[in-house]
Amino acid sequence: MKRVTKNRKLSFEKLDLDKIYSLDEASELVKDITTTKFDASVDLAIRLGVDPKNANEMIRGVVSLPHGTGKNVRVVVFAQGDAAKAATDAGADHVGFEDLIKKVQDGFTDFDAAVATPDAMGEVRKIARVLGPRGLMPNPKTGTVTDDTAAAVNAVKAGKVDYKLDKNANISAAIGKASFSEGQLTENAEALIESVIKAKPASAKGNYIENITIAATMLPGLKLENTAAITE
């Protein structure tokens, strides 16, 4: 059995898993109870009252967090010519076309986001089975299929988050690090929640947002208050 450290035990003593917290309270507490030696990621999970099996209720969107994610986002770009050079100059981690596609086919997935030019998508679709399940497939709706590769790379690295409804009707995304201030975590969370609200499908009925939790790495989620009112 894994030994519970003294600091971790003290952290759990500060938690009330039955309590409903305000976003400000939760942002402050999640920082206070994090005891990892590394800068823990802070995630927001939103449970929605939609049916993931209904194509009309599938939700996918993108949001630029005002304070970024605090993560070094690794970006690959499928492009040629001037678009490839622009992506390299913008700081893309890997840029290529057929060679990069072959590398992914051979098992390379050590990246967090993928961008492609429109004329490259015919070939990129060959690796859709690799990229799709990992949420890495370039998509025009999220700005990752574009001729302006430099702008796309800059946006992703600056804190643009691509989110998608999972099979359990949840949306989950990183909103920062434990080293962020309470205000930064709160503002990033508000940006994500607002984006999800705007993405509400017309066919969705009843309570759209069922609950929201915020959690740091290796810690349980804290429930946020008044989630029904957030949708008003």
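In what order do the 5 strands of the open sheet stand? The order is β1-β10-β9-β2-β8, and the pairing is mixed. Two strands count as paired if DSSP finds at least two bridges between them. Strands (E, at least two residues) and helices (H or I, at least four) are DSSP runs, numbered from the N terminus.

This is a predicted model: local features need pLDDT of at least 70, side-chain atom pairs count only at pLDDT 80 or more, and totals for chains, interfaces and linings use all residues. Residues are numbered from 1 along each chain as its sequence is written, and side-chain values use heavy atoms, with hydrogens and water left out.

**Confidence**
- The protein chain has a mean pLDDT (the predictor's confidence in each residue, from 0 to 100) of 89, and 91% of its residues reach 70 or more.
- Residues 228–232 fall below 50; beyond near neighbours in sequence, this stretch has 9 contacts in the model. Contact means heavy atoms within 4.5 Å.

- β2 (residues 41–48) pairs with β9 (residues 209–216) in the antiparallel sense over 7 bridges. Here L44 stands opposite I214 in β9.
- Helix α2 (residues 23–33) packs on this sheet and touches β1, β2, β9 and β10 (222–224). The directions of α2 and β10 make about 165 degrees. Axes are lines fitted to C-alpha atoms, for helices over the stretch in contact, and angles run from 0 to 180 degrees between N-to-C directions.

**The sheet of 3 strands**
- Its order is β5-β4-β6, with parallel pairing. The twist averages 15 degrees from one strand to the next.
- β4 and β5 pair over 3 bridges, and V77 stands opposite V95 in β5.
- α7 packs on this sheet, touching β4 and β6; its direction makes about 160 degrees with that of β4.

**Helix α7**
- T149, A152, V153 and V156 are the buried residues of α7 (residues 149–158). Buried means under 20% relative accessible area (exposed is over 50%, partly exposed in between; 1.4 Å probe, protein chains only).
- Their cover includes β4 (75–78), α3 (81–89), β6 (113–116) and β7 (160–164).
- G159 follows the helix, with a positive phi near 125 degrees.

**T146**
- T146 lies in the loop between α6 (128–131) and α7. At 19% relative accessibility, T146 counts as buried.
- The T146 side chain reaches the backbone nitrogen of D148 at 3.0 Å.

Terms used
Polar contact = N/O pair within 3.5 Å; in protein donor to acceptor, adjacent residues only side chain to side chain.
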